[in-house]
Amino acid sequence: MSTRLSTGGRLLDKTKQVTFQFNGRRLRGLQGDTLASALLANDQMLMGRSFKYHRPRGVVASGAEEPNGLVNLGRGGTFEPNARVTTTELFDGLTAESQNHWPSLDFDVGVLNNYASRFMPAGFYYKTFMAPAPAWKHLFEPLIRRAAGLGKAPKDRDADRYEHFYAFVDVLVIGGGIAGLQGARAAGQAGAKVMLVEQTAHWGGRAPVDGVEIDGQPADAWVKNTLQQLENMDNVTIRSRTMGAGVYDHGYALAYERLTDHAPAQDIPRHRLWRIRAGQIITATGAIERPLAFAGNDIPGVMLASAVRDYAVNFAVSPGDRTVVVTNNDDAYRTAITLKQAGLEIPVILDARPNGGGALADQARALGVRVENGKAIASVKGGKRVTAVDICAQAGEGSVLETIDCDAVAMSGGWSPVVHLWSHCGGKLLWDEGEAHFRPNPDAAPKGAQGQDFVITAGIASGAMDSAAVLADATQAGKTAAVRMGHIAPDMAAPKADAEEPAPLLPVWKMPQGAGYKLRSKMWLDFQNDVKVSDVQLAAQEGYESVEHTKRYTTIGMATDQGKLSNINGLAILADSLNEAIPAVGTTTFRPPYTPISMGSIGGDASGDLFQPVNQTPLHQWGSDNGAYWEPVGHWRRAYCYQRDGETVEQAVHREVLATRNSLGLLDASTLGKIIVKGPDAGKFLDMMYTNMMSNLKQGKCRYGLMCTENGFLTDDGVVARIDEDTWLCHTTTGGAARIHAHMEEWLQTEWWDWKVYTVNATEQYGQIAVVGPNARAVLEKLGGMDVSKEALGFMEWKEGQIGGFDARVFRISFSGELSFEIAVPASQTRAFWDALHAAGAEFDATAYGTEALHILRAEKGFIMIGDETDGTIIPQDLGLHWALSKKKDDYLGKRAQQRIHMTDPDRWQLVGLETTDGSTLPDGAYAVAEGVNANGQRNTQGRVTSTYHSPTLGKGIAMGLVWNGPERMGEVINFPMLDGTSKTAKIVSPVFYDPEGKKQNV
Amino acid sequence: MSNAVSALQGVSSAGFATVTEAGLRGMITLRGDHNAASLRQAVTDIVGVDMPEVRRCTRAGERAAAWMSPDELLIMVPYADAPDVVARLSAALEGMHGLAVNMSDARAVFMVEGTAEGSAREVLAKLAPVDMSRAAFTQGMFRRTRLAQAAVAFGAVGDDAFELICFRSEAQYVFDLLSMSAKSGSQVGVF
């Protein structure tokens, strides 16, 4: 039984009980518990099922490296899958459910996979589910998806909010153990601006658990004291529950702060993602203990020796009354000593080293613990719980010498520095033979923009294996970082701690070393993904020589823990199988984040209303109050139509079209881009930007222009007005304002930098209202002010003046074929002007119309729309716009490209009108078919629909489309197959359906 | 000008910092060679402030000049004065390559001010990739940057008071962002 001890528990507040639920059961824990320690205290050793074989799994570690203890946490809007029990702080009301079990954790049907495991070796899926191809989608994948998998996907919208924070520091110290604290202190004392982050809620790391003494005081006291010093420094910021998640180029780092996970609260962000620019980064990230590979090492009750010690010291929890310790190094003896001193039984310490351990081993023996050198575990007995271990000689093949009853096993295969953050940005590693681990190569640090080193490791993360070395290394790291940032190193000696001289470690990659297949196929390397020693060996045997390939073939290291426990052991087995040295095989790539971070934190504030900026015109509120049916156009919201009571969208659109054609329509055209181009070379510049001539436009006149990319494709269009001698105003499409402004600036800044031209994007300075319809002039005359008669303001002219008391710039241009004035007024007065137009226009049935009516009005007139008739592959010639291509000019953007063979190919599809033979409306994007089939056996095509509407004016469907040889085929009927198997026929006609002579606009 | 209204008509919110839309402001985009004597003189004579250094804003009462780019200044004056100042600047730039244009209506202005509860600097540091520490962002500084996904410019007008300018069409988004980031309880506690 795992249980709560009467002594120990340095992180607990034993006076505060906390209740929580696990799989529907109400349990009690203590304030300060993690979910893992609380479950263990309740004898809940079984916490989940493995990914592939559904084997019973208990917690194996005590920190971020935990592979097994994963739960679904919370409910509804706060539900989160794959939460690690070891890093989940307990709070009152916490609810957790174990994952990957059916129907229950104790009785799981999927465990049948376990008995079939010899038929499911590495690469099983790849080999088995190969053919026939459709079976993957319809049979195999659904089956595997049901059987495998960990947490459930959340179903509800996330109830929490998140935020970012931008921080700028000289030195970022990641890790709040004694190395991080000391490194931060040294850098801080030098005067550097320091930020120190620690992923857990507690400072000091392992030192207090391991009984370290620093400067003659217990580690806890030194930590408290040092923390106090850091808090008193104005130039030092410290944050706990903040994990250094990733290190990126140029000293950029992400830190993940968990504000309310331990104490849920409303209205406070749950997570805060720190986006840090650091001059230097010190990674004091500690080390992770390696498991040992022996048969049955995944049975609940087998744990890392350090974790067993953590649970006892930090949380007053014992994993069992009788714990067998198995090790290849001295450190694990601390666990035996700790448990023994807590009054628990250590039946035996199995030390795989023939000559055993050093001083700590002597200490254990002195406490009366049996120590067996050169011995190993042949296999662990038990199903959902350890019951005994078979003992054998490490040097042999696993003949059982003795069976010892126990209910827990504490294992240690040595320690590996946490090199993840060092490696994220290119720091290289060295293989340390003595410690059998990779450690950072200080001569190959991540490099900054100037080629300077910008990451330094500190403490055991550097490979410093005892406290004295850790503190010396950290002091130096802090000083070095500060000096690199231009500060003077403080005269500070490293705090004193006892150096240790442990007996050398013996690399043990499998136990016993001569284990046969049967044992090897029960030795787990990756607990979460069920990868065993035999799987890696099989991969090697099948030719997977690269560690990256073996990783993907066997799935080792691909679980949510990203191989924190399995990687080194796995690649050692691979190296052994390939007869290579371990460093020759190398590691897989370390990628951020260090442990998973929430998607919410990455999104930050960008959710709900703040998901994206919505650009609103000065008439947005009026639209909201008057039934606007919104559509996004770029980042703008434009009214598609304004629905009145009981109207459908379609009815509203038709009403708006007819009102405009028959009397008076008002359009919010404020979103149209308005770019001012001024300077002595502005005319020359615009002649290059537009396909037609703009330099010869007379003051007071307007001209419709086309813009192409340098590849010849049509990219934007709009009306250009000449303001004065050296100033033009260029209107762009709604979505084009920022893009075209940037396009202009790019050419000005990179190609024609010596041309004297300034541009300003004045789009938002003005609200623009199109006053459209037979009564357009009448309503303006009623408002009074400037002369808008045909004589005073002709078609394609503009004038400045006052209308109804408003300063206005009036453009007589028409995108509807009606008499039309586009009137620009200052944005802050646009709403008032709009209201005045409605008031004055009431007698003319003034009707606000939206973008769909705008589209229909222009389509009835055969005007093209950028984005409908164009899609990035269309040139003006395709659209019959030859008249807008100046022949007088030597050059314009796109001219050369339009002369290429493909562009002048007579087989390019051309713009025409399409009129269905039955008056119905063609679907958008429909293709017209031609005779025969292409090389892929598909029906040949000869055209497609680019714009299509029901025209309320004409009472029938109208469309524009691009058709092969279209303009030459007027009157011909072509065939458009529909998705439902029927087809529509349409006659090729002129694209101008309404008022082809232009009588209505020219009045 | 009785018809003129600012984007959000003076809306405000209170959290650990206050956010207030500052109403209409005269703003003029002035483009030209910063080293040209006529431009420098126009700024000092017509606007009445010193020519600003890179990433700074010079102020005198309600008038200010902010550095926007190597050939662009933002001139701020009372809203009603803008047309007249544009005309005078344009006249002063006659003969040189320059551009003065009234952009008062294209923008919205917000004030973000700290309270006893927390610092306005933190509100901005949650949203803009800018070092907002007191040592780095001093009074008189002025930055063009982004606030989450919106283009903005802001400057320090006091130790813990900032004036922020955004596009008029994005005023609501910017106000909502600032208000959310200033919510009580979400202080970061670093400034």
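Reply: Of the 1003 residues of chain A, 54% count as buried, where buried means that 20 or more other C-beta atoms lie within 10 Å of the residue's own, exposed means 12 or fewer, and partly exposed is in between, with C-beta atoms placed from the backbone. Keep in mind that this is a predicted model, in which local features need pLDDT of at least 70 and side-chain atom pairs count only at pLDDT 80 or more, while totals for chains, interfaces and linings use all residues. Residues are numbered from 1 along each chain as its sequence is written, chains are lettered from A, and ligands are numbered from 1 in the order in which they are written.

Chain A has 25 helices and 51 strands; these are DSSP runs numbered from the N terminus, with helices (H or I) of at least four residues and strands (E) of at least two. Along the principal axes, the C-alpha atoms of chain A fill a box of roughly 115 × 70 × 55 Å.

Now for the strand itself. Strand S41 covers residues 766–772 of chain A, and 7 of its 7 residues are buried. In general, side chains in a regular strand alternate between the two faces of the sheet. On one side of S41(A) you'll find Tyr766(A), Gln768(A), Ala770(A) and Val772(A), and on the other Gly767(A), Ile769(A) and Val771(A), all of them buried.

Who are the neighbours? Strands count as paired if DSSP finds at least two bridges between them. Strand S35 (residues 665–668) of chain A runs antiparallel to S41(A), joined by 4 bridges, and Gly665(A) stands opposite Val772(A). Strand S44 (residues 820–826) of chain A is also antiparallel to S41(A), this time over 7 bridges; here Gly767(A) has Val825(A) as its bridge partner.

Zoom out and you get an open sheet of 6 strands in chain A, in the order S42-S43-S44-S41-S35-S45, with mixed pairing. Strand S42 (798–803) and strand S45 (847–849) of chain A are at the edges with a single partner strand each, so one side of each has no neighbour in the sheet. On average, neighbouring strands here are turned by 30 degrees against each other, direction ignored.

Helix H23 (residues 827–841) of chain A lies across S35, S41, S43 and S44 of chain A, at about 20 degrees to S41(A). Axes are lines fitted to C-alpha atoms, for helices over the stretch in contact, and angles run from 0 to 180 degrees between N-to-C directions. As for contact, two residues have it if their C-beta atoms, placed from the backbone, lie within 7 Å. Among contacts in chain A with a separation of 6 or more, 66% are between residues 24 or more positions apart.

Chain A also meets a partner: the contact takes 35 residues from chain A and 40 residues from chain B. On the chain B side, strand S3 (26–31), strand S7 (99–102) and helix H4 (171–181) each supply at least two residues, and H4(B) gives the largest share, 6 residues.

Chain B has a mean pLDDT of 96, with 99% of its residues at 70 or more; pLDDT is the predictor's confidence in each residue, from 0 to 100.
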